[in-house]
Amino acid sequence: MSFLYVCRCCGMKLGELDQAAVSEVELGLHSLTPEERQHIISKERDGDTVVRVVCDYCRDAFNQHPELSLVGNPLQ
Ligand SMILES: [Zn+2]
């Protein structure tokens with residue numbers, strides 16, 4: 001079982017951490033509100049935890065085009 005980091009905009013896989021090696025506290029996930037957790041974290045059927053973040057590429061794109069929303073998938 002792993003923590004999978006996936007860009008919520010372009011879907012790119014950014015990283016994978018062994019759940020046995022890190023805790024939610026170490027990742028800072030424990031400080032999220034329940035709403036944020038629902039938004040950002042999802043459990044896969046095989047037990048992996050998917051953490052939806054924004055990759056550097058998409059963050060740059062949003063910085064250059066602030067009219068784009070972080071919600072949804074404006075790059076497709
Ligand atoms: Zn991205």
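Good morning, everyone. The protein has three helices and four strands. What you see is a predicted model. Along the sequence, the order of elements is β-β-α-α-β-β-α. Keep that pattern in mind, as I will go through it piece by piece.

Some overall figures to begin. The protein has 76 residues, and 29% of them are buried. Take the contacts with a separation of 6 or more: 43% of these come from residues 24 or more positions apart.

β1 covers residues 2-7, and β2 covers 13-18. How do β1 and β2 pair? They are antiparallel, with five bridges.

F3 has T49 in β4 as its bridge partner.

Then there is β3, residues 41-43. β3 and β4 run antiparallel and are joined by three bridges. I41 has V51 in β4 as its bridge partner.

Let me stop at the two hairpins. The hairpin of β1 and β2 has five residues between the strands. In that hairpin, G11 takes a positive phi near 80 degrees. The hairpin of β3 and β4 also has five residues between its strands. There, G47 takes a positive phi near 100 degrees.

Is G11 buried, exposed or partly exposed? Its relative accessibility is 47%, so G11 counts as partly exposed. G11 and C55 are 44 residues apart along the chain, and their C-alpha atoms are separated by 9.1 Å.

C9 is in that loop between β1 and β2 too. With 1% relative accessibility, C9 counts as buried. Its C-alpha atom is separated by 8.8 Å from that of R52, which is 43 residues away along the chain.

T49 is in strand β4. T49 has 1% relative accessibility, so it counts as buried. What does T49 touch, leaving aside residues up to four places away in sequence? The list is S2, F3, L4, Q19, I41, S42 and K43.

S2 is in strand β1. Its relative accessible area is 12%, and S2 is therefore buried. Again leaving out residues up to four places away in sequence, S2 touches E16, L17, D18, Q19, D48 and T49.

Next, the metal. Which residues coordinate the zinc ion? There are C7, C10, C55 and C58, each through its SG atom. The distances are 2.2 to 2.4 Å. Along the chain, the donors are spaced as C-x2-C-x44-C-x2-C.

Look at where two of them sit. C7 is in strand β1, while C55 is in the loop between β4 (49-53) and α3 (56-64), so this pair ties together parts that are 48 residues apart in sequence. C7 and C55 are both buried.

Why is the arrangement tetrahedral? The four donor atoms subtend angles of 105 to 115 degrees around the zinc ion, which makes it so. For comparison, the ideal angle for four tetrahedral donors is 109.5 degrees.

That leaves helix α3. Which of its residues are buried? In α3, the buried residues are C58, A61 and F62. They lie on the same side of α3, because they cover an arc of only 95 degrees around the axis. As background, an α-helix has 3.6 residues a turn, so residues three or four places apart point the same way.

What do the buried residues of α3 pack against? They pack against β1. Now turn to the face of α3 directed away from that buried side. That face carries the exposed residues D56, N63 and Q64.

To close, go back to β1 on the screen. β1 pairs antiparallel with β2. The buried residues of α3 pack against β1. And β1 holds C7, one of the residues that coordinate the zinc ion. Thank you.

Key:
Residues are numbered from 1 along each chain as its sequence is written. This is a predicted model: local features need pLDDT of at least 70, side-chain atom pairs count only at pLDDT 80 or more; totals for chains, interfaces and linings use all residues. Side-chain values use heavy atoms; hydrogens and water are left out. Donors are N, O and S atoms within 2.8 Å of the metal (3.2 Å for Na, K and Ca); water is not among the atoms, so sites may look incomplete. Four donors count as tetrahedral if all angles lie between 85 and 135 degrees; four count as square planar and six as octahedral if opposite donors are over 155 degrees apart and all others between 65 and 115; anything else is irregular. Buried means under 20% relative accessible area, exposed over 50%, partly exposed in between (1.4 Å probe, protein chains only). The arc is that of the directions from the helix axis to the C-beta atoms. Contact means heavy atoms within 4.5 Å. Two strands pair if DSSP finds at least two bridges between them.
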